[in-house]
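Hi,

Here is the structure I promised to pass on.

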Amino acid sequence: MTAKPAAVCAACNANLYEGRSAIYDSLFEVYACGSACLSEWYAANEPEYKRRWTEAVDL
Ligand SMILES: [Zn+2]
């Protein structure tokens, strides 16, 4: 039986198969193999994260 990939890791592009564990980021809606890949993805996407979710404010 050939398993169909359910998702692809956002950091290393590994196929993530149904029934295996992975990490899902519900904010950006991306999957990662594990916390190492997720950290890598965040490091690469920090500018985009900041642009979308943070801003400078006057208190
Ligand atoms: Zn990965």
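Which residues make up the largest nonpolar core? There are six in all: Ala-7, Cys-9, Leu-16, Ala-32, Cys-37 and Leu-38. By nonpolar core I mean a set of buried Ala, Val, Leu, Ile, Met, Phe, Trp, Tyr and Cys residues joined through side-chain atoms within 4.5 Å. Buried stands for under 20% relative accessible area, exposed for over 50%, and partly exposed for anything in between (1.4 Å probe, protein chains only).

Some housekeeping before the rest. This is a predicted model, so to speak of local features I need pLDDT of at least 70, and side-chain atom pairs count only at pLDDT 80 or more, while totals for chains, interfaces and linings use all residues. Residues are numbered from 1 along each chain as its sequence is written, and side-chain values use heavy atoms, with hydrogens and water left out.

**The zinc site**

The zinc ion is held by four SG atoms, those of Cys-9, Cys-12, Cys-33 and Cys-37, at 2.2 to 2.3 Å. Donors here are N, O and S atoms within 2.8 Å of the metal (3.2 Å for Na, K and Ca); water is not among the atoms, so sites may look incomplete. Along the chain the donors are spaced as C-x2-C-x20-C-x3-C. Why call the arrangement tetrahedral? Because the angles subtended by the four donor atoms around the zinc ion run from 103 to 118°. The rule is that four donors count as tetrahedral if all angles lie between 85 and 135 degrees; four count as square planar and six as octahedral if opposite donors are over 155 degrees apart and all others between 65 and 115, and anything else is irregular.

Strands β1 (residues 5-8) and β2 (residues 15-17) run antiparallel and are joined by three bridges. For naming, helices (H or I, at least four residues) and strands (E, at least two) are DSSP runs, numbered from the N terminus, and two strands pair if DSSP finds at least two bridges between them. Pro-5 stands opposite Tyr-17 in β2. Six residues lie between the strands of this hairpin. Asn-13, in the loop between β1 and β2, has a positive phi of about 60° although it is not a glycine. Asn-13 is exposed, at 56% relative accessibility.

Leu-16 is in strand β2 and counts as buried, at 11% relative accessibility. Setting aside residues up to four places away in sequence, Leu-16 touches Pro-5, Ala-6, Ala-7, Val-8, Cys-9, Ala-22, Tyr-31, Ala-32 and Cys-33; contact means heavy atoms within 4.5 Å. From C-alpha to C-alpha, Leu-16 and Cys-37 are 12 Å apart, with a separation of 21 residues in sequence.

Apart from neighbours within four places in sequence, Ala-32 contacts Cys-9, Leu-16, Ala-22, Ile-23, Cys-37 and Leu-38.

**The loop between β3 and β4**

Glu-29 lies in this loop. Its phi is positive, near 60°, in a residue other than glycine. Glu-29 is exposed, with a relative accessible area of 58%.

**The helices**

Which residues of helix α1 (residues 35-44) are buried? They are Cys-37, Leu-38 and Trp-41. These residues cover an arc of only 100° around the axis, which puts them on the same side of α1; the arc is that of the directions from the helix axis to the C-beta atoms. The buried residues of α1 pack against β3 (23-25) and β4 (30-32). On the face turned away from the buried side are the exposed residues Ser-35, Ala-36 and Ala-43. Ser-35 has a relative accessibility of 52%, and its C-alpha atom is 9.9 Å from that of Tyr-24, 11 residues away along the chain.

Helix α2 (residues 46-53) contains Lys-50, which is partly exposed at 44% relative accessibility. The C-alpha atoms of Lys-50 and Phe-28 are separated by 12 Å, and the two residues are 22 apart along the chain.

Cheers
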